Amino acid sequence: RAYGSSHRGLIVVAASVAAASGFASMSYPAGRAAYGGNSPSSPLQSPMASGTQYTTPRPGSPQHATLPLLQTGSPTAAQSSVGYTTVSKKDDFAGFADEQPAKRYSCWGKLFLRQHNEAFADKAELATRAAVLVLVLGLPCIMPEGTYPQIDTAKEDGFFSKQAILMFLLIVDLSLGQTFANAFSAAFGTVLSLLGVGFLNLLIPGGITIDTPWFALIPIFTFAALFLFLILWVNLSMTTRVFGLMSFSQHLMMFLDPRKRLPAITRVITDPAMCELMTIGVAAICAVVCNLFPVPMLATRRAKDAADEVNMALGRAWVNVSNDFCGARGTDLRAVDLLMADMDRVRSALVALDGHLMSSWYELGGVAPFRSARDMLARLRRTLQEGSDRLFCTWAACLQEPIEEGPHARLMQEMWPDVQNVLAKSINLIDRSTEAACRGRVFEREEPDFRDAAEGCKAAVAELTRKFREVKQDISRQAIIEELLDEHNFLTHVCAYGRLASELAEDFLAHNTGSRPLPPSAQPEMMFDRATLQDNRHLNFVGRGFLAISIAFIWGMVGHSKTGRRYDPHAAICVALMLRKCISSSSMLSAKRLRGIALGSIVGEAVYASAGWCTTWGYVLSSIALLGWVGVSIFQHHDASRLGSGIGVNTTGGPTAGLLAAYYGARGILQPCVDEVFTLRDALGENYYALISSLTAVFVCHIIDHTIEGFSTCQVADHYLRNALAHINEAFSEILDPSAHKLHVIGLHSARMLRIANAIGQQAQCEPRHWKQPFRGALYRDTLQSIARLRMGFLGMECCAVEDGRYGVNKVEGVLRITTLQSFDGVRQVTKQNLQHIEDLLGATFSQEQGGMSSAYQLPQLKRRFALEFAQAMRAFMSEANSLPEFHSAVGASLELDPASQASALLSCLASIIDEAQTLQKAVLRRAC
C-alpha cells in the first residue's frame, strides 16, 4: 500500500514542496510527473486540467465533512454523522487554519513597500541609508577646498579621506549585529597589519633603500610570506582577512619602495597607524549610525520575527496535514496551496533564524539579559526544527493514498478528536513559549499556566495513545497491521509533537528558576579550530589566496613603463578584496566581477567628466549621481547574496558585482571639482592605473581559481549530489545496524549539503561545455528533489530511532530490539542494496561527459524488483513480530514508546524510501540516454 506505484493522491503536490524544505531556492518543475506518474505536470497546475484521477469521496464520508476547527459554533450535521467533535474557542485553530490578519506597518515601512515584501524593504532601506551617508561623507571630497575648513584640516592630518567612505561600503550590513562584526573584524585585521609592518621596521628601520644589500630582502619576504599564510590559514572572519591583507599589501609595498623614505619606528607606530585606525573608526561609526537611525535594524528583532513566522506557519501546516490525512475535508486546492506556502515559509524562516541568531551575538549577546533571550530562541529553534522535520516526514510517508473506506477511515474517524486535541494544546503551548522566548523570560505569574499547559499536553498524548490502542484492538488483534502502517507513523509523530511542546515549556520554566539553565546558543568559531584548519576545502582556499596575492604583489612591484607603475599595491589590494572561500564557478564569478569593476569605473569617470565642475549645478548632479548609483549598487549587492553581505560574517562568497560597482563608482565620483579643461590623460590619472591593476587582479584570481580547484563546476555538482546521497545512505545503515548503539545525527548537515548541491547545479548549467556533453540540468533538479524526499523518509527514521528526538545520541531500545530480529535482516538488506544501486546509477549517469549510450544501462541491479522484494521481506518481519508478546504489550503513555508503533513507523518510512528510489530510477533511465 505505502510502496505501491499507483497510490499518489496529493503527494504529487506536497512532495515537491516538502523536498524544497531541505535546501533553498529549489525549483519544482516536474514533481513526479517527470517520472511518468499520474500526477500534475506542475505543482501549481490544476489536477483537473492535467487529467489527474482522484478518488471521489463517498457522500457522508470524512472527506465531505466540513472542517470543525474553523468553526466556533455547534457542529454541522455532516460532522455529527461521522462522530467529529468540536473544541472550545480557547483551543481551536482559527488563528492557524485561516489567513492571518494583515500586519500594520508604519509610514516609514510603507515608504519601502514593506507591506508588499519585507525582504525587499530590508534591502531597499539599507541601500537608501547607505547612499545618504555616502553622500554626506562624500560632499567634502566633491566640494573645493575651503568649503569645510575643519574637514580640510582632518584630511591634511590624515584622519579623514575618501578611503573612509570606501571602507564604509565594505563594513555596513543588513543588521546591527553583522555591522558590529564587520567593524570589529576590520579593526582587528588592520591592527594585525600594523603589527606586521612594525616588526619589519624593527628589522630594517626606515625601509628598503638603494644601498640596502640584496640578501636583506630574504627575511623581509620570508616574514611577508609567513604573515600572508597565517592570516589565510587561521580561522579568522573573511572581513578580517580582507582588511588585514589590503592594509599589509599597501604598507609592505611602501616599505620595499626605495624612492620613499618611511618615518622612524616611533612614528610608524604612532602617526600613520593612528590615521589608519581613525579612518576605520570613522567608517565603522558611520556604519553603526546607518543601522541605528532612524529605526534600529537589529538582528535580535529579526530573529524574533523569524521565530514567530516559523511558529505560525508550522502550526497551520500541522493542522492542514492532519485534516487531509484524517479526512476532515475533501480535496481543497486552496488548502493545498496554503500548505505549500507554509512549508516554504517554514524552510526559509528557519534558515533566516540561524543567521539572525548568530549575528545577534554581536548585539550584546554576552550580557545576561540578552544572552537569556538568545538561548531561549535557540532552544525554541531546536523544537521548531524537529517539529518541521516530523511534519515533512509525515507528509511524505503518509499521504500516498486517497482516502477510502476500510481500516483507515474507521481508525481516523475515531482518532480525529484526540488528534485535534493534541495539536490544539501543542500549538497553543508552543505559541506561548515563542512569546516567552522573544522577551527572554517567563513571567512569574505565567508559571502556573505554563505548568498546567505542559501537563495538559502530556495528558492529551496519553489519551490519544489509550484511545488508539482500544480502536486498534477492535480492528485487528495483530500488533503490526500492514493496512495501518502509515496511521501508526502519523499518530506517532503527533504524539512526538505534543512531547516537544511540553518539553520546551518545562525547559523554559527550569531556565527561568535557574534549576536547569539552557545550553548556550551558537557562538562564532574559535580562531584555532582544528577541524577547520585541517579541512581540505580550507587548505585549498589558503593555497589559492596565497598564490593570487603573491602573483599580484610581484606584478605591482615590477611594473614596467608608463602603462604600469612600479611598486603599485593596487593589484594585490584588489585580489585581497575579492577573496572567496565558497564553492562556485570561477568563470561565472570572474565575469561578474569584471562587469562590476568595469561598469563602476566607467560610470564614475563619466559622471565626473559631466558634472565635476565647481558650480552649483555640478554639485547637484554629482550628489544625485552618487546617491543613485551607490543606492542601486548596494541593493543589487544584498539582493544577489542570500545570506547578507558579500564579505560579512555570514558568508564567504566574496564581493558581488554590486559591491564592486558601488566601490569603484564612488571612487570615480568622489574627486575634487575643477574648473579647468583636462585632456583624457590628465583626467584619468590615478584611475587609469587603478583600472589596469583591478582587471589584472580579476585575471589572476580567475587563473588561480581555475587551476588550483582542478574540477569543473559540473564535476563539483556531481560530487556534492552523490555525497549528499552517500551521506544519507551511511546514516541510514547506522540506524538499521543492530550493533550501533550510538548515532551521528545528520539531518541538518544533509540539508546543508543539498542546498550547496542545488546552488552548484544552477551554476553548472551556465558553464561552457565545449566538446563535452551538455549538463543534464533537468535530471539534476529532479534528482535533487527526489533525494530531498528520500531525506524526509530518513528524517522520520532518525526521529524515531534517537533518544530525546533528533538531538540525542543513543539509539532507542525498541529500535535496537527491532533491528536484531532475524527477519528484519531481509528488510535491511533490500533497502541498503536499493539505495546503493541508486548511488551507483547516479554516479554512472552524471560522471559520463562524452556522448553515446550511458553506462547506467549496464548495471546488473536494474533487473531486480526491489519493491516486490521489500514487500516480501516486510511481511516476513511482520509475521515474526506479531508472534512475539513484547509487540502486543502496551508500553508507556505515548506511541513513541510503543514497540508496535516504533516498528510500524520504521516500516512506513522504509516503504516511502523504496517507492521514491524506484521512481528516481525510472527518471534517471528515461533521461540518461
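Glu 125 and Arg 129 are both buried (under 20% relative accessible area, with exposed being over 50% and partly exposed in between, for a 1.4 Å probe and protein chains only). The model is predicted: local features need pLDDT of at least 70 and side-chain atom pairs pLDDT 80 or more, while totals for chains, interfaces and linings use all residues. Residues are numbered from 1 along each chain as its sequence is written, and side-chain values use heavy atoms, with hydrogens and water left out.

**Helix H5**

- H5 covers residues 118–142, and its 25 residues reach 35 Å from first C-alpha to last, close to the 36 Å expected at 1.5 Å a residue (1.5 Å times one less than the number of residues).
- Helices here are DSSP runs of H or I with at least four residues, and strands are runs of E with at least two, numbered from the N terminus.
- At Val 136 the helix has a kink of about 30 degrees, shortly before Pro 140; the bend is the angle between axes fitted to the seven residues ending at a residue and the seven starting there.
- H5 is largely enclosed by the rest of the structure, because 18 of its 25 residues are buried.
- The N-terminal end of H5 is capped by Asn 117, which has a side-chain oxygen 3.1 Å from the backbone nitrogen of Ala 119.

**Salt bridges**

- The structure holds 32 salt bridges.
- Glu 125 and Arg 129 pair through their side chains at 2.5 Å, N to O; both lie in H5, four residues apart, about one turn of the helix.
- Asp 122 and Arg 302 form a salt bridge at 3.6 Å, N to O.
- Arg 302 belongs to helix H13 (residues 299–326) and Asp 122 to H5, so this pair ties together parts 180 residues apart in sequence.
- Arg 302 and Asp 122 are both buried.
- Lys 123 and Asp 639 form a salt bridge, with the closest N and O atoms 3.2 Å apart.
- That pair links distant parts of the chain, 516 residues apart: Lys 123 is in H5 and Asp 639 in helix H23 (residues 616–640).
- Lys 123 is buried at 16% relative accessible area, whereas Asp 639 is partly exposed at 45%.

- Ser 175 sits in the loop between helix H7 (162–171) and helix H8 (176–203) and is buried at 1% relative accessibility.
- Its side chain makes a polar contact with the side chain of Gln 178 at 3.2 Å (a pair of N or O atoms within 3.5 Å; within protein, one must be able to donate a hydrogen and the other to accept it, and residues adjacent in sequence count only if both atoms are side-chain atoms).
- Not counting residues up to four places away in sequence, Ser 175 touches several residues, including Arg 302, Asn 291 and Ser 359; contact means heavy atoms within 4.5 Å.
- Thr 434, in helix H16 (residues 407–439), is buried at 0% relative accessibility.
- Leaving aside neighbours within four places in sequence, Thr 434 is in contact with Ala 307, Asp 308, Asn 311 and Leu 380.

**Nonpolar cores**

- In the largest nonpolar core, of 92 residues, Met 167, Phe 168, Leu 256 and Leu 626 touch the most other members (a core is a set of buried Ala, Val, Leu, Ile, Met, Phe, Trp, Tyr and Cys residues joined through side-chain atoms within 4.5 Å).
- A second, separate core of 70 residues includes Leu 485, Phe 794, Val 830 and Ala 881.

How values were computed: Salt bridge = Lys/Arg side-chain N within 4 Å of Asp/Glu carboxyl O.
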